[in-house]
Amino acid sequence: MITSYFPKYVALFAICVLCVGALDTFVAAVYEHAVILPNRTETPVSKEEALLLMNKNIDVLENAVKLAARQGAHIIVTPEDGIYGWVFTRETIYPYLEDIPDPEVNWIPCTDPQREWNLRTGSGQSVSL
């Protein structure tokens, strides 16, 4: 008696496809929150106040991300302005931005951490702490 292995191979192939397909899926979560803003976004704040406000928003987002992860989310989408907000002028947004030096500047922050980069003037200088 000759038996056909074809049905067994089809079943094995189908199981393999289902297993691989399961690896290509994920659970996503989308989160929105009321961003904590300064009293007036038209008035400049200090870098310290900006960091304080951003840290408050990061704390809110961190709690939401941890909750989503505990509920099985693999990827969590947060608002693009969820850390610092919106409705800023060119001058009032500066305290919320990270200073990134011009590529022409010969500076590696990891090897020269005492140097500060001034986003407004585009110049770097060493400072003593």
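Reader: Which residues is L53 in contact with, once its neighbours within four places in sequence are left aside?

Author: In this predicted model, L53 is in contact with I36, L37, P38, I83 and Y96, leaving aside neighbours within four places in sequence. L53 also belongs to the largest nonpolar core, whose 7 residues are V45, A50, L53, M54, F88, I93 and Y96.

Reader: How should I read α2, and which of its residues are buried?

Author: A helix can be read by its span and by the residues it hides. Here α2 has 24 residues and reaches 34 Å from its first C-alpha to its last, close to the 34 Å expected at 1.5 Å a residue. Within α2, the buried residues are A50, L53, M54, N57, L61, A64 and A68, and what covers the buried residues of α2 includes β1 and β2. After α2 comes G72, whose phi is positive, near 100°.

Reader: Is H33 buried or exposed?

Author: Buried means under 20% relative accessible area. H33 has a relative accessible area of 13%, so H33 is buried, although its place is in the loop between β1 (28-30) and α2 (47-70). Not counting residues up to four places away in sequence, H33 touches N57, V60, L61, P79 and G82, and the side chain of H33 reaches the backbone oxygen of G82 at 3.1 Å.

Reader: And what of E80, is that residue buried or exposed?

Author: For exposed, the cut-off is over 50%. With a relative accessible area of 75%, E80 is therefore exposed, and E80 lies in the loop between β2 (75-77) and β3 (115-118). E80 and E32 are 48 residues apart in sequence, while their C-alpha atoms are 9.8 Å apart in space.

Terms used. Residues are numbered from 1 along each chain as its sequence is written. This is a predicted model: local features need pLDDT of at least 70, side-chain atom pairs count only at pLDDT 80 or more; totals for chains, interfaces and linings use all residues. Side-chain values use heavy atoms; hydrogens and water are left out. Helices (H or I, at least four residues) and strands (E, at least two) are DSSP runs, numbered from the N terminus. Buried means under 20% relative accessible area, exposed over 50%, partly exposed in between (1.4 Å probe, protein chains only). A polar contact is a pair of N or O atoms within 3.5 Å; within protein, one must be able to donate a hydrogen and the other to accept it, and residues adjacent in sequence count only if both atoms are side-chain atoms. Contact means heavy atoms within 4.5 Å. A nonpolar core is a set of buried Ala, Val, Leu, Ile, Met, Phe, Trp, Tyr and Cys residues joined through side-chain atoms within 4.5 Å. The expected span of a helix is 1.5 Å times one less than its number of residues.
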